[in-house]
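Student: Hi! Could we talk through this model together?

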Amino acid sequence: MKTRNAVLVSVLIALLLSACASGAQPSGGAQPAGGEKFRVAVVMPSAINDVAFSQSMYNALLAIQKEVGADNFEIKYSENMFKVPDATAAIRDYASQGFNLVIAHGSQYKGSVQEIAKEFPKVAFAWGTDVDTFGLPNVTAYTAAAEEGCYVNGVLAAKVTKSKKIGVTGPVEVGDAKTCIDGFTQGVSATDPSIQVSKTWTGSFSDVAKMTEAAKAHIASGADVLTGSSQSVVGSIGAAKDAGNVLWFGTQSDQSSLAPSLVVSSQVYDWVPSLKDLIGKIKSGDLGGETYTLHLNNEGLKMALNSGYALSAEAKAAADAAIKGIKDGSIKVQP
Amino acid sequence: MNEVVLIGIIASAISFATPYLYAAIGEMFAQRSGVVNLGVDGIMLMGAYVGFFVALNVPTPGGLWLGLLMAAVAGLLMGLLMSVISVTLKAEQGISGIGLYIFGLGLSSLLFRVTIGTVKTVDGFKPVPIPVLSGIPIIGPALFNQSVVVYGAFLLVPLAWFVLERTTWGLKIKAVGQSPASADSLGVSVNRVRYVCVCLGGMLAGIAGASMSLATVKLFQDNLTAGLGFIAVALVYFGGWRPLGILIGALLFSTINSLQNFMQVLNVGISPDLAVMLPYIITIVALMFPINRARQPAALNKPFERGEN
């Protein structure tokens, strides 16, 4: 009896192992011939409609799909993968399903991409925001020079504040959250050094309630303009709306829909040009090894002024001057 | 420190003590009857979602009140589930509470994605200044210009004390939590008392969640509470299973939280990482002191089996 069980168990294990092995095999023939459907999978930390980081990527993919047609371009996504182990499993799964491009949209996925990309040399991986491709030929890194657009936001903020107090609600002092806020501060002080910019950090990218608390503290201390970064800023925007007369400057996606009369402008990440370039390369057999950085001067970063807010001509001219200065290099923004 | 900032600190401390008060007072009833419910955070999430969903779809102001009511009902149902598992089926309370938490977290996120799916906000409960009192300098605007939901949380404290210390029901709850066998021998239905207390706890946790999505944060997102319900459970221990103790704990926690926010805003030079940790550090330190442990209900965490002991 015992022997029979042991045999049964070992047969089962063997079956299981072979199943795993076949699952993990990078379907060698997945490389599409020209004209075949290009398959993209993306793993994102928050929801595809977070009006921030994840949405910027999802919208870019949708835009490309709309251009080339759904028959030629397949998008699969996993959202709310804030937990890295879940994301790792999803990335591995997509890679083994023979997607042409697997995007790991979050700097926290660094270790996962580094590990999985080695196992699937025929699949192209892209990840960000970061600049590290680990020296692997099938990894592309992408990042945004968030300080540039946030500098422009800062210039505008300095023009519209009446109380001369501006509040920044930050998540964690890393990555594009930090560079954006540093750029914003430089933009404000270059325009009017007498304005006081206060910063708070909640320690979380996703804790909406903490953002609300922080924003309320800024407002109670007299700030009449707020900004901030990450998907949790919906909490800050809510507090601004509640106060009724506090203006907001957005980043990552166009956030004017969240408070149509209070959002002055947003820096928008446009991944479309970079993605198109990358997809073209993958189709021609070059799977990566490069880093893309969104800048104002390569159309990766765009400023979306909210038409619902009446901006003075003088402020708009100052913003245009800042954009021009950053593009031609006469204004240097420190990341 | 100027007056405006002082008012800001107190007002936000009062407003953010609200969910802790509802949740912790509810959990206190459950624990006084002998049941630890660690699922508070999951119940809060369900309450926050249900309240928000109703308020979004029913015109105000009726929608807000209906939302609050439905949040209470959702919490009550979650409490009922916990009662069945821990009282009738006598499952290990800690484990089933964690299970309930994960259930609430998952279900609220799923329902949110299916029915709303994007960032939406509600106008929510507006501040209602109390005549005369709100005219007092500093204290007036800080304490007496809050929403009805906030006033309710603070009125709950004396009410809970009254129920516990001055009614037969309170006596039964305490007896069941302290010595279920004796209570049983005197004809008190241990399981019935526990059912009512856990359901009441669930109901208040549901309201606690709705107080966030309808009165303080005014929106719903995945995992809105972010572990706030676990702090509420800790506050029950901190407060020595008494309403007044819980009030002090909730105010201490929310005041430090409010202070750390303002410390960052005013740039007093404390590292933001440390500032964010402060309220939690204080909670842990406070829980280390053994003064309150003696007050723990003797039958806490023990399912009742007639004829045992």
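Student: Let's start with chain A. Which residues of H3(A) are buried?
Tutor: Happy to. This is a predicted model, and in H3(A) the buried residues are A:Ala87, A:Ala90, A:Ile91, A:Tyr94, A:Ala95 and A:Ser96.

Student: How many residues does that helix have, and what does it reach from first C-alpha to last?
Tutor: Helix H3 of chain A covers residues 84-96, which is 13 residues. From its first C-alpha to its last it reaches 18 Å, close to the 18 Å expected at 1.5 Å a residue.

Student: And what follows H3(A)?
Tutor: A:Gly98 follows H3(A), and its phi is positive, near 75°.

Student: Where is the cis peptide bond in chain A?
Tutor: Look between A:Gly128 and A:Thr129, where omega is about 10°. A:Thr129 sits in the loop between strand E4 (124-128) and strand E5 (139-144) of chain A.

Student: Switching to chain B. How many helices and strands does it have?
Tutor: Chain B has twelve helices and two strands. Along the sequence the order is α-α-α-α-β-α-β-α-α-α-α-α-α-α.

Student: What about burial and contacts?
Tutor: Of the 309 residues in chain B, 52% count as buried. If you take contacts between residues at least 6 apart in sequence, 78% of those in chain B join residues at least 24 apart.

Student: Let me zoom in on B:Met82. Is it buried or exposed?
Tutor: B:Met82 is buried, because 30 other C-beta atoms lie within 10 Å and 20 or more is the cut-off for that label. This residue lies in helix H3 of chain B, residues 62-88.

Student: Which residues is B:Met82 in contact with, leaving aside neighbours within four places in sequence?
Tutor: B:Met82 is in contact with B:Asn37, B:Gly39, B:Ser96, B:Leu100, B:Val198 and B:Gly202. Separately, B:Gln93 is eleven residues from B:Met82 in sequence, and their C-alpha atoms are 8.7 Å apart.

Student: How does H3(B) pack with H9(B)?
Tutor: Helix H9 of chain B runs over residues 190-216, and H3(B) packs with it at an angle of about 140°, with the axes 6 Å apart. The crossing of H3(B) with H9(B) is right-handed. Their contact has 19 nonpolar, ten polar and one charged residues.

Student: Last one: how many residues are in contact between the chains?
Tutor: 28 residues of chain B are in contact with 29 residues of chain A. On the chain B side, H1 (3-32), H9, H11 (243-265) and H12 (272-288) each supply at least two residues. H1(B) gives the largest share, five residues. By class, the chain B side divides into 14 nonpolar, eleven polar and three charged residues.

Key:
Residues are numbered from 1 along each chain as its sequence is written. Chains are lettered from A and ligands numbered from 1 in the order in which they are written. This is a predicted model: local features need pLDDT of at least 70, side-chain atom pairs count only at pLDDT 80 or more; totals for chains, interfaces and linings use all residues. Helices (H or I, at least four residues) and strands (E, at least two) are DSSP runs, numbered from the N terminus. A residue is buried if 20 or more other C-beta atoms lie within 10 Å of its own, exposed if 12 or fewer, and partly exposed in between; C-beta atoms are placed from the backbone. Two residues are in contact if their C-beta atoms, placed from the backbone, lie within 7 Å. Axes are lines fitted to C-alpha atoms, for helices over the stretch in contact, and angles run from 0 to 180 degrees between N-to-C directions. A crossing is left-handed if the near helix is turned anticlockwise from the far one by less than a right angle, and right-handed if clockwise. Ala, Val, Leu, Ile, Met, Phe, Trp, Tyr, Cys and Pro count as nonpolar, Asp, Glu, Lys and Arg as charged, and the others, Gly among them, as polar. The expected span of a helix is 1.5 Å times one less than its number of residues.
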